[in-house]
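Trainee: I am new to this structure and would like to go through it step by step. Could you guide me?

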Amino acid sequence: MATAQPRPQTVPNDLESYWLPFTANRAFKKAPRLVSHAKDMHYYTPDGRAVLDGTAGLWCTNAGHNRDPIVAAIQKQAAELDYAPAFQFAHPKSFELASRIAALAPADLDHVFFCNSGSEAVDTALKIALAYHHVRGEASRTRLIGRERGYHGVGFGGMSVGGIVNNRKFFGTLLAGVDHLPATYSREHQAFTKGEPEWGAHLADELERIVALHDASTIAAVIVEPMAGSAGVFPAPKGYLQRLRAICDKYGILLILDEVITGFGRLGHAFASERYGVMPDMITFAKGVTSGSAPMGGVIVRRGLYETFMRGPEHVIELFHGYTYSAHPLACAAGLATLDLYRDEDLFARAKKLEPVWADAAMTLKGLPHVLDVRTVGLTAGIDLAARPDAVGKRGYEVLERAFHEQSLMIRAVGDTLALTPPLIVSEAQIAEIFDKTAKLLRAIA
């Protein structure tokens with residue numbers, strides 16, 4: 001006689017098991033900010049309340065949420081090919097997407113190495129830089145240069161070149177041989193600036209001091225964001241990136257622009273390097289490449305750099321690096337559909353056209369209680385609030401929490417800095433709504 005089997009127990013959905021990333025877990029679980037579906041410019045809570053997305057998810061849903069062509073492409077791909085090996089084999093869409101991205105990138109940035117996130121993209125670019133100097137006979141070039149207040153993801157390479165204190169201080173000594181340029185922000189000289197600030201280009205000259213200290217023969221690469229997004233929206237000063245490029249050229253140092261946030265239209269161009277007329281040796285990307293619909297990232301590499309690796313025996317692996325899910329079929333399908341949307345709806349030009357409307361709306365917050373600064377560039381805004389003397393970061397958190405629960409608005413808070421970065425499909429009426437609601441919140445917490 002068969003023994004009765006115990007019935008499987010139902011696992012309660014009680015929020016406890018999930019350890020949320022970059023989140024105050026205890027505060028969150030007391031008043032959860034849950035979303036269950038999304039469409040275009042809105043998230044929806046499980047009870048059906050519409051929440052206006054002022055953050056493009058996490059800087060990533062540039063084409064808006066659950067766009068029909070992207071959804072259809074992912075569904076079709078899932079039914080055709082779920083996975084193809086990323087090492088020694090490939091599938092057609094990986095080559096198609098690489099070609100499309102290379103065509104968007106400036107000049108001879110025309111080879112694409114795929115990964116799955118911005119953090120992986122940064123670590124990939126740093127490894128390519130180190131390996132590049134090694135294969136060309138300058139293996140002494142191992143030093144990497146980042147920037148204070150920079151954010152380059154959460155891998156050990158990205159944390160090491162990054163310059164946000166809390167992202168670094170808990171995790172040991174990180175990579176050896178890393179130095180940092182100074183941050184480019186000065187409230188004294190740049191407060192309430194629309195676009196790139198006039199002051200600050202001279203800070204690029206600090207690279208000369210670093211070269212003098214370490215010698216150029218030890219330095220592999222410099223990595224910076226064209227706009228430091230995660231730290232609180234800090235645009236590059238006018239002329240700053242051009243000066244960095246000139247110094248790097250002078251000493252044979254590679255320049256990597258981290259465009260995980262600025263890529264795919266956020267600043268009104270496919271890539272910010274186009275906006276600034278600066279040709280980096282590598283561009284990192286992620287987020288907007290699939291409009292957040294599937295994990296994907298990558299590095300775009302200049303032709304000459306790629307060709308340096310292609311000089312050994314043809315049957316030998318040129319770069320010992322990669323990921324199981326590099327160029328995943330579903331992500332490639334999502335990427336191709338996303339690029340079609342950007343092209344067909346001319347979303348990059350749309351963002352450029354909306355930039356002055358966005359900037360004017362953001363500056364209406366000037367003079368409101370506790371507002372110390374407002375910065376804008378492209379479709380991004382950073383709003384610095386005065387910290388409470390006894391609770392740094394509490395005011396920013398309260399705005400984030402009350403925005404979701406009371407104003408049906410999603411914003412980001414980085415300490416006491418608010419960040420607003422909507423999908424590129426945002427309307428002028430929705431821009432007004434975002435800043436009207438933000439103003440109400442700032443008055444409410446006064």
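**Strands, sheets and helix contacts**

Mentor: Met282 stands opposite Val301 in strand E12. Please keep in mind that this is a predicted model.

Trainee: Which way do E11 and E12 run, and how many bridges join them?

Mentor: E11 and E12 run antiparallel, and four bridges join them.

Trainee: What about E10 and E11, how do they run?

Mentor: Strand E10, residues 254–258, runs parallel to strand E11, residues 282–285, and three bridges join the two. Within this pairing, Ile256 has Met282 of E11 as its bridge partner, while Leu257 stands opposite Ile283 of E11.

Trainee: Are the residues of E11 buried or exposed?

Mentor: They are buried on both faces of E11. Met282 and Thr284 lie on one side, and Ile283 and Phe285 lie on the other.

Trainee: Which sheet do these strands belong to, and what is its order?

Mentor: They belong to an open sheet of seven strands with mixed pairing, in the order E4-E12-E11-E10-E7-E5-E6. At its edges are strand E4 (109–115) and strand E6 (178–181), each of which pairs on one side only.

Trainee: How far are neighbouring strands turned against each other?

Mentor: On average by 20 degrees, with direction ignored.

Trainee: Which helices lie across this sheet's strands?

Mentor: Helix H4, residues 92–104, lies across E4, E11 and strand E12 (297–302), and runs at about 135 degrees to E4. Helix H9, residues 206–214, lies across strand E5 (143–147), E6 and strand E7 (219–224), and its direction is at about 155 degrees to E6.

Trainee: Changing topic: what is the order of the sheet with four strands?

Mentor: That open sheet has the order E1-E2-E3-E15, and its pairing is mixed. Strand E1 (37–39) and strand E15 (409–410) are the edge strands, each pairing on one side only.

Trainee: How does E3 pair with E15?

Mentor: Strand E3, residues 50–53, pairs with E15 in the parallel sense over two bridges. Asp53 has Met410 in E15 as its bridge partner.

Trainee: Now the helices. At what angle do H3 and H13 cross?

Mentor: Helix H3 (residues 68–80) and helix H13 (residues 329–344) cross at roughly 155 degrees, and their axes come within 8 Å. The two helices are therefore roughly antiparallel to each other. H3 passes H13 in a right-handed crossing.

Trainee: Which residues meet there?

Mentor: From H3 there are Pro69, Ile70, Ala73, Ile74, Gln77 and Ala78; they meet Pro329, Leu330, Ala333, Ala334, Ala337, Thr338 and Leu341 of H13. By class, this contact of H3 with H13 has 11 nonpolar, two polar and no charged residues.

Trainee: And how do H14 and H16 cross?

Mentor: The axes of helix H14 (residues 347–362) and helix H16 (residues 428–444) come within 9 Å, crossing at roughly 20 degrees. That makes H14 roughly parallel to H16.

Trainee: Why does that angle count as roughly parallel?

Mentor: Because angles under 35 degrees count as roughly parallel. The crossing in which H14 passes H16 is right-handed.

Trainee: Which residues make the contact?

Mentor: H14 contributes Leu354, Val357, Trp358, Ala361 and Ala362, and H16 contributes Glu428, Ile431, Ile434 and Phe435. The residues of this contact of H14 with H16 divide into eight nonpolar, no polar and one charged.

Terms used: Residues are numbered from 1 along each chain as its sequence is written. This is a predicted model: local features need pLDDT of at least 70, side-chain atom pairs count only at pLDDT 80 or more; totals for chains, interfaces and linings use all residues. Side-chain values use heavy atoms; hydrogens and water are left out. Axes are lines fitted to C-alpha atoms, for helices over the stretch in contact, and angles run from 0 to 180 degrees between N-to-C directions. Angles under 35 degrees count as roughly parallel, over 145 as roughly antiparallel, 65 to 115 as roughly perpendicular and the rest as oblique. A crossing is left-handed if the near helix is turned anticlockwise from the far one by less than a right angle, and right-handed if clockwise. Contact means heavy atoms within 4.5 Å. Ala, Val, Leu, Ile, Met, Phe, Trp, Tyr, Cys and Pro count as nonpolar, Asp, Glu, Lys and Arg as charged, and the others, Gly among them, as polar. Two strands pair if DSSP finds at least two bridges between them. Buried means under 20% relative accessible area, exposed over 50%, partly exposed in between (1.4 Å probe, protein chains only).
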